[in-house]
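Okay, thanks for coming, everyone.

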Amino acid sequence: MREELLAFVSQRGTLLEPAAVEYLLSQQDPMGPLDRFLASCAEVPFVVTLQDVVKAADVGRSAALRTHLVAPAVQMPLARSVVAVPPPEPSASFRRQGERAADHAPEVKILRDITGRSTCEGTLEDFTRYFRNRFQTLSRMLRTRRELGGAQEISKARRSTREVRFIGMVSDVRDTKNGHRILELEDETDRISVLVLADSPFASETFVNDEVVGIVGKVNDRGLVIAESVVRPDIPVARPFRGIGEHLRAAFISDVHVGSTTFLDEKWAKLTAWMSSDDEMARSLRYLVVSGDVVDGIGVYPRQDEELSIDDIYGQYEALAQMMAQLPDHLTVVMIPGNHDAVRPAEPQPALPQPIQKLFDSNLIFAGNPSLVSLHGVKVLAYHGRSMDDFVSAIPGMNYHRPLDAMRQMLKMRHLAPIYGGKTPIAPEAEDHLIVDEVPDIFATGHVHSVGVDTYRGVVLLNSSTWQAQTPYQKMRNIEPLPARLPIVDLASGAAVIKEF
Ligand code: D5M
Ligand code: FE
Ligand code: ZN
């Protein structure tokens, strides 16, 4: 274990104080606190101290301490950067030869992301404040639901003998030997057990830790609530796509993994050639959204150096900048980072740092992960999608080839990464930026190297493939990628297609 620990530390480019090594080796999961500490740092520190890992270990144990703490002041975010230009003249389509999306000025607004607004240091207080904010925000959404009118605090609901309604954060889910399920829910006042019977109409509902749900049910004589219905925050039922007046299109890519030996350069060359071609769809492309893992990075997983064709992080972004410069000028690009990129791994991730941004042309707009971005008034929620690893582990039947299933769950839960303490590191910001506050028109993810388009209640869902072939790591885990597929959405109608290269 000692060797593994030291190898892990050197992979991350840092050092461990000897006392920290001994402390970690005495823990059940020595990597856990270290991983969590490193994930919370904006930059990798020169040396990790005993104090750092002890604090991180405490924070890991804090999940049960969410309640009974002081509420933070909630600040509403303002739009961060605006590249707004007067609205373009309407035009029916791009069927006329020579007409290009370039004739339409770009209109991009970053409505919400964490860049420049991170407040957390990863202390225990930060985590408590973070979970309170999550609970309060989602519980406010749930309270607007008719079914939860007059919802009580859990401490009151517990003592009731009639029908009860309350809202809680899931702290545990377990199956009984008879196929029933028991949820432990908590709010700021108390905790309560809820029994979901195997023959109830919602027995097939899946629950994950740290999501916030509403329950209607009856308390039995043992203080257990028998659930009669479960209410999720969810998004409003279908509404029409908020289209724009012209058939401008947006294309979506992610997981380019520049610098990896498995980067598909020939497929990429085909994409570049097609984008610059006279094809009607290519000419109508106005926006390109890049949802993270834009380069392969350095030291992201053990022995990654053996799979790198460019082993310098700047070199990787320089190569990407050159590739982006070859794309047609009529594209305005919005780029967010993923778990392989050179920003802190904890979500929400800020935009790529200035020294990297400077490598790119001015038609690139950098935003955080996740980001809510307006393209010509169409709201796009771009999220790399790391939490899908946790959805796949937590929910039976979910898999890497069906990312849209996980995305639908995220919208139902109104949260991009509800499960805390799994594979998705979460930074305890004052406000929970992973909550789906505003309902987007388009919801885009990457990460799973799969592809798909669909709609859920009027929201266009899409997952944007990869430009990397199967890696030895993915082979070992039986992950079969579907590379070189390009989802394209018509911003007038919301109609989505996938173009294969
Ligand atoms: O992720 C590429 C693929 O590998 C994607 O399908 C998720 C999967 N993946 C990534 N990390 C993990 C872990 N830690 N466990 C299981 N599966 C994982 P990428 O982000 O490009 O490496
Ligand atoms: Fe990836
Ligand atoms: Zn990824």
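Let's start with helix H12, residues 403-413, which is mostly covered: 9 of its 11 residues are buried. Buried here means under 20% relative accessible area, with a 1.4 Å probe and protein chains only, and helices are DSSP runs of H or I with at least four residues, strands runs of E with at least two, numbered from the N terminus. Quick background: this is a predicted model, where local features need pLDDT of at least 70 and side-chain atom pairs count only at 80 or more, while totals for chains, interfaces and linings use all residues. Residues are numbered from 1 along each chain as written, chains are lettered from A and ligands numbered from 1 in written order, and side-chain values use heavy atoms, without hydrogens and water.

So what covers the buried residues of H12? The cover includes helices H5 and H11, plus strands S15, S16, S17 and S18, where contact means heavy atoms within 4.5 Å.

Now, the metals. Which residues coordinate the iron ion, ligand 2? They're Asp255, His257, Asp293 and His449, at 1.9 to 2.3 Å. Donors are N, O and S atoms within 2.8 Å of the metal (3.2 Å for Na, K and Ca), and water isn't among the atoms, so sites may look incomplete. Aspartate 293 also bridges to the zinc ion, ligand 3, and the two ions lie 3.3 Å apart. Histidine 257 sits in the loop between S10 and H7, and aspartate 293 in the loop between S11 and H9, so the pair ties together parts 36 residues apart in sequence. Both histidine 257 and aspartate 293 are buried.

How values were computed: Buried means under 20% relative accessible area, exposed over 50%, partly exposed in between (1.4 Å probe, protein chains only).
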